[in-house]
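Subject: Structure handover

Hi,

Here is the structure I promised. My notes follow below it.

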Amino acid sequence: MDLEAIQGVGSKTADRLRQLDDAERALEAGDVAALARAPGITEGTAARIARNAIRQRHGDTEDFLRTDRARELYGEALSLVQERAVTEYARKRLETFYPSASASRIAEVQAFVEAAAEHDPTPEVREALAGVEPLTEPRDLRVRDRCVATGDAETYARAEAAFPEVSVELVEDATGIGELARGYSTVVVLDERFAGLDIDGDVRVLPDAFDRVDEVVPERLLRFFADNRERLAAAATVHERAGLDPACDLDVLRDGLERLTDDGTVKGDADLHRLRDAVDDLDVAVSTAESVANDRLREAIQSQDVTIEGADLLSLVEQGARVDSLLETELADEFDAAIAAARDHLADALAVPDYDDLVEQAFVEEPTFPVEHQEEAVNRLRRELKAARDRRAATLKATLAADLADLRDPAGTLVRAALDLDVELAVARYAADFDCTVPEFVERDGDGAEGTSAGSRTASRSGDGTDAGLVVEGGRSPLLDVDFEEVDPVDYGVEGVALLSGVNSGGKTSTIDLVGLVVVLAQMGLPVPAERVELRRFDALHYQAKSQGTLDAGAFEATLREFGDLVEGPGVRLVLVDELESITEPGASARIIAGILESLHEQRATAVFVSHLAGEIRDATEFDVQVDGIEAVGLVDGELQVNRSPVKGRLARSTPELIVEKLADDAGDGDGFYRRLLAKFE
Ligand SMILES: Nc1ncnc2c1ncn2[C@@H]1O[C@H](COP(=O)(O)OP(=O)(O)OP(=O)(O)O)[C@@H](O)[C@H]1O
């Protein structure tokens, strides 16, 4: 895969991505979490790269979102779904859903959404999902009881890369291996030529060790499973609760995980425990055994009347014999019994019958008082026990690693499936929470089997000869500042260019927000919060938010330039503009807006301009511009009652007009002051 062909991926980023095992899969799947594991790639960059890779795949080159408000609206649309994801992975992955101008991309996401709707996002599944995270690879693992040895410099370099967890040693001959065998519990020799040599210790000649990594360093696999135990268990539960088909036998996986301790060693083997305890307890057991012997002897000596003939005593003294000799002669039986007691104690305490011979040698039958252990024999016993312990542990690890090896890949699949389910459930919940429907796209020239690439499209007219724009029926924006249940459904349709008039706070901004949101969501491939939506597939969204007051000359000029670019730009565009008149004086604004509308009309863009000057703009516009209105149906207790759905072809009456009318009606003043004011509106 040519990574550098992806927009925004230079040679440096491509090198970083190549350090991942599965860059291609991650790009293909939009796996932002995996991409962000590449060194120096932040999650934001990873999401952008994943998006650009998808764009490239669908020939989606232009950026759909052309203004700050358009980008903001996308952020809000995305949040509606992201907030419903349980895992960070899904939230990141959802960032690869972007509003696209490509029919194939929209269709791809729509198919995903359709499959997502099959799943039921129950609280139980979501609870289990909370424990699922992408799997981690063990880092900084060191295995100190084993080394890999070779006599060949090239193999040495290869081994260093293949077995970073163990020490790799360069040896010249069998003697070198013998020395290593004294320092390490196990020596893995990589060269065939050392096979058959008789070397003391656990020396294994494995020329094919590079293909048997799990056997040489089972710790790597075991640590992988130990580190990921919780995530795997959670992913298994997700599969069960969601009724997903798992990538492996979950009972076998659970059983394997059960056999592991947190630090990746094997749990619950009696032999290993015994050997471990014996090594750990050896010093204490030896000194207790000494005490047992000495206590017995002390007691025996104390209770003994030693009768010794004068001649014997003399001869002993003359020979320079010490009192030990007395033990030999007079207390031989007691001494033997004491040594036997010490040995028994040690044997019982260590409980390693295979080593009883060595245990016995810890105490010799040489009469001394106090009795002392044989340092060298105890050291030897310690060495042997440690080696046996390590061998046993290594065997157990190798056996468990062999059992788990087949589960390594399915484990990855299992977790990915659970995480992907979270993405699907987030979409399903979003669709359910906002009563969404799948939008219908009106076909454009170039749509169809061959013509779906962005470049081949041209703006078209719908069957009835009008510019297809969009129709929203029963649309309810989840972005309003009222509870979703309280949102009044809005019907609104636009074909070509329209002005939207209406009373203050009637919902004009909310209406174009709804239109923008519906288009962004639809072109992301997502369902939309409405009863029915039909739209043409746009190439770009320009949404000009309301400016905060009159602009100075420079800012005004910049805004006009933006419109200059906009009316000259190519493609099928949706243009939403909120109260552009506020950028300069009302009279000038109306004329400027009229000119912009004329250009957009010629371009056959779809546009909605919210304005309090709709009447003036209409008068200044050379074509018959559509004016829609959000009307007040009345004033009740000073509160406007509004029909939130704009009425087509109607210039809405303004709030001041309504208030003057109310005053005129209330006063019943015939031709009086309020009537005169009211007449000014006619
Ligand atoms: N469909 C709706 N359902 C319920 N409430 C709505 C709806 N549309 C708008 N509102 C409420 O009306 C308020 C004002 O809406 P909005 O700002 O869109 O009006 P506006 O006509 O653009 O106002 P202005 O003329 O002051 O710019 C919103 O904050 C919201 O509380």
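At what angle do helix α15 and helix α18 pack? The angle is about 155°, and their axes lie 8 Å apart. Axes are lines fitted to C-alpha atoms, for helices over the stretch in contact, and angles run from 0 to 180 degrees between N-to-C directions. So α15 is roughly antiparallel to α18 (angles under 35 degrees count as roughly parallel, over 145 as roughly antiparallel, 65 to 115 as roughly perpendicular and the rest as oblique). Helix α15 covers residues 270–302, and helix α18 covers 332–350. Helices (H or I, at least four residues) and strands (E, at least two) are DSSP runs, numbered from the N terminus.

Before you go further: this is a predicted model, where local features need pLDDT of at least 70, side-chain atom pairs count only at pLDDT 80 or more, and totals for chains, interfaces and linings use all residues. Residues are numbered from 1 along each chain as its sequence is written.

Now the sheet. Four strands form an open sheet, ordered β2-β1-β3-β4, with parallel pairing (two strands pair if DSSP finds at least two bridges between them). Strands β2 (167–170) and β4 (202–205) are the edges, each pairing on one side only. On average, neighbouring strands are turned by 25° against each other, direction ignored. Strand β1 (residues 146–150) is joined to β3 (residues 186–189) by four bridges. Cysteine 147 stands opposite valine 187 in β3.

Last, the domains, with bounds from an automatic or database domain assignment. They are domain 1 (1–57), domain 2 (146–216), domain 3 (270–393) and domain 4 (470–651). The centres of domain 3 and domain 4, taken over C-alpha atoms, are 99 Å apart.

Best wishes
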